[in-house]
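Dear colleague,

Please find below the sequence and structure that I am handing over to you. My findings follow directly after them.

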Amino acid sequence: MLPRPNGAGIIAALDTAEADRAEAWARAVAPHVGLVKVGLELFCAAGPAVVRRLAAHRPVFLDLKFHDIPNTAAGAVRSVCAGSAPPAMLTLHGGGGAAMIEAARRAAEEAAGPARPAILAVTVLTSFTAAALAETGVSGGPTQQVLRLARLALEAGADGLVCSPQEVGRLRDAFGAAPLLVVPGIRPAGSAVGDQARVATPEEAVAAGADWLVVGRPITGAAEPGAAAAAIAASLPR
Ligand code: C5P
């Protein structure tokens with residue numbers, strides 16, 4: 001597994017359907033970020049080949065957010081690990097339950113041994129407000145649901161969690177230093193929030209205990225993505 005960053009690091013989310021554009025971004029941001037993130041848009045358009053291309057620049061965080069029966073989720077993890085460029089991290093939805101996460105962890109260990117990807121559980125998407133979450137039948141608000149899913153996922157063998165900046169401090173307090181905390185919803189002061197709801201600046205997320213900051217549009221939407229990534233990296237406390 002990838003070592004924990006010394007301080008906090010940046011993961012650049014390369015959200016595009018074009019592999020060439022993703023690779024150009026990866027080349028530009030590589031000196032300033034720890035990983036590059038491949039999500040559903042890019043993977044559905046360009047498949048495992050793009051993971052291989054990007055892995056030549058930085059280790060890849062494969063953020064496909066698996067959520068299925070344990071056998072199917074484990075099979076997906078096995079396929080990912082058996083490919084020619086296995087990612088350094090991958091995600092499953094914590095809401096998929098303990099049996100799914102246990103099966104995924106076992107599959108990763110069997111397929112890749114100690115070099116296996118870190119297994120991260122997504123708690124509640126950073127785009128959710130309390131009202132939107134209630135519409136899905138979850139009352140009590142995002143923080144309570146994040147803590148519930150975090151406990152379930154860590155007990156089932158997840159190495160870390162994906163959570164919003166607003167919950168990262170609560171998770172650090174509750175679960176200590178061990179879990180990797182990967183935090184999207186990062187917006188440098190003055191940048192557009194877009195469809196995200198639970199956001200914070202890079203400095204706030206790091207102060208609350210984040211290990212990795214996932215930053216997409218503030219980098220990829222900038223005139224110079226490399227310069228934008230460098231500026232965010234320079235703003236992080238060392
Ligand atoms: O462009 P932006 O900085 O909002 O990108 C955030 C990235 O993090 C997106 O790729 C999104 O899929 C991902 N993500 C998220 N919330 C989660 C998990 C992943 O925004 N809970």
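**Findings: the ligand site and a salt bridge**

An oxygen atom of the ligand lies 2.9 Å from an N or O atom in the side chain of Gln196. Please note that this is a predicted model.

Asp15 places a polar side-chain atom 2.6 Å from an oxygen atom of the ligand. Gly216 takes part through its backbone, with an N or O atom 2.8 Å from an oxygen atom of the ligand. Taken alone, the ligand exposes 470 Å², and the protein buries 89% of that area.

The shell consists of 17 residues, and the closest are Asp15, Lys37, Thr126, Arg187 and Arg217. Sorted by class, this shell comprises eight nonpolar, three polar and six charged residues. At least two shell residues come from each of three elements: strand β3 (60–66), strand β8 (212–215) and helix α9 (217–220).

Turning to charged pairs, side chains of opposite charge can pair when their charged atoms come close. Across the whole structure, the search finds 13 salt bridges. One of these joins Asp20 to Arg53, with 2.8 Å between the closest N and O atoms. This pair connects distant parts of the chain: Asp20 belongs to helix α1 (residues 19–29) and Arg53 to helix α2 (residues 40–55), and the two are 33 residues apart.

With kind regards

Note on methods:
Residues are numbered from 1 along each chain as its sequence is written. This is a predicted model: local features need pLDDT of at least 70, side-chain atom pairs count only at pLDDT 80 or more; totals for chains, interfaces and linings use all residues. Side-chain values use heavy atoms; hydrogens and water are left out. A residue is near a molecule or strand if one of its heavy atoms lies within 4 Å of it. A polar contact is a pair of N or O atoms within 3.5 Å; within protein, one must be able to donate a hydrogen and the other to accept it, and residues adjacent in sequence count only if both atoms are side-chain atoms. Accessible areas come from the Shrake-Rupley method with a 1.4 Å probe; for residues, only the protein chains shown count as cover. Helices (H or I, at least four residues) and strands (E, at least two) are DSSP runs, numbered from the N terminus. Ala, Val, Leu, Ile, Met, Phe, Trp, Tyr, Cys and Pro count as nonpolar, Asp, Glu, Lys and Arg as charged, and the others, Gly among them, as polar. A salt bridge is a side-chain nitrogen of Lys or Arg within 4 Å of a carboxyl oxygen of Asp or Glu.
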